[in-house]
Amino acid sequence: YGRNLKTRWHDAHSKATVSTDPSGYWRDIRSAKICISTYNGSAPIEILATGQPMVWYLDPSFFEFAPRFDEIASQMISAKILFFDKEECALHVNSIWADVYQWWSDPSVQTVVNNFLLSFGHTGRRPISRLARAIAQFE
């Protein structure tokens, strides 16, 4: 491990795109057929907020979750967005590859995406004003 991540990814998956250009981050997300997130950070929220199709694989031995995540996690598992098993995740991506949007545009999948964003994404109008009001509550 270490600083050779891009080289290691390219060696293992020659067709994979590994972006190291911060200005290309949004372009890469928007041009992807499907995004695959493997980390519990801001990327899944950012990807889902763009409306791009995404699956989220998390290794349960690396991540712990607050109890408030349990309900939405269960919904995401049912919608085949969240996976704790990499083989299941890969099988799902393979099964939808021919028409990712047929799966992604399904109303039940979009309901789960919207529920997730309502709970964790804080999307909407005037985010800076909402953030300022939230901070002001602690003054």
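**View 1. The cysteines of the predicted model, in which a search of the whole structure finds zero disulfides.** Cysteine 35 takes part in no disulfide, since the nearest cysteine sulfur, which belongs to cysteine 89, is 12 Å away, whereas a disulfide would require the two sulfur atoms to be within 2.5 Å. Cysteine 89 is likewise in no disulfide, the nearest cysteine sulfur being that of cysteine 35 at 12 Å. Cysteine 35 counts as buried because its relative accessibility is 8%, the cut-off for that class being under 20% relative accessible area. Cysteine 89, with a relative accessible area of 5%, is therefore buried.

**View 2. The crossing of helix H3 (residues 42-50) and helix H7 (residues 107-121).** The axes of H3 and H7 come within 10 Å and cross at roughly 130 degrees, which makes H3 oblique to H7. In this arrangement H3 passes H7 in a left-handed crossing.

**View 3. The residues through which H3 and H7 meet.** On the H3 side the contact is made by Ile45, Leu48 and Ala49, and on the H7 side by Val113, Phe116, Leu117, Phe120 and Gly121. Sorted by class, the contact of H3 with H7 comprises seven nonpolar residues and one polar residue, with no charged residues.

View 4. Methionine 76 counts as buried because its relative accessibility is 1%. When its neighbours within four places in sequence are left aside, methionine 76 is in contact with Leu48, Trp56, Ile81, Leu82, Val112 and Phe116. Among these partners, Leu48 in H3 and Phe116 in H7 also belong to the residues through which those two helices meet. Valine 112 lies 36 residues from methionine 76 along the chain, yet the C-alpha atoms of the two residues are separated by 6.3 Å.

View 5. The C-alpha trace of the protein chain spans about 50 × 35 × 30 Å along its principal axes, and 27% of the 139 residues count as buried. Of the contacts in the protein chain between residues at least 6 apart in sequence, 51% join residues that are at least 24 apart.

Methods. Residues numbered from 1 in each chain as written. Predicted model: local features only at pLDDT ≥ 70, side-chain atom pairs only at ≥ 80, totals over all residues. Heavy atoms only, no water. Buried < 20%, exposed > 50% of the residue type's maximum accessible area, 1.4 Å probe, protein only. Axes fitted to C-alpha atoms, helices over the stretch in contact; angles between N-to-C directions. Helix = DSSP H or I, 4+ residues; strand = E, 2+ residues; numbered from the N terminus. Parallel < 35°, antiparallel > 145°, perpendicular 65-115°, else oblique. Left-handed = near helix turned anticlockwise from the far one by under 90°. Contact = heavy atoms within 4.5 Å. Nonpolar A, V, L, I, M, F, W, Y, C, P; charged D, E, K, R; others polar.
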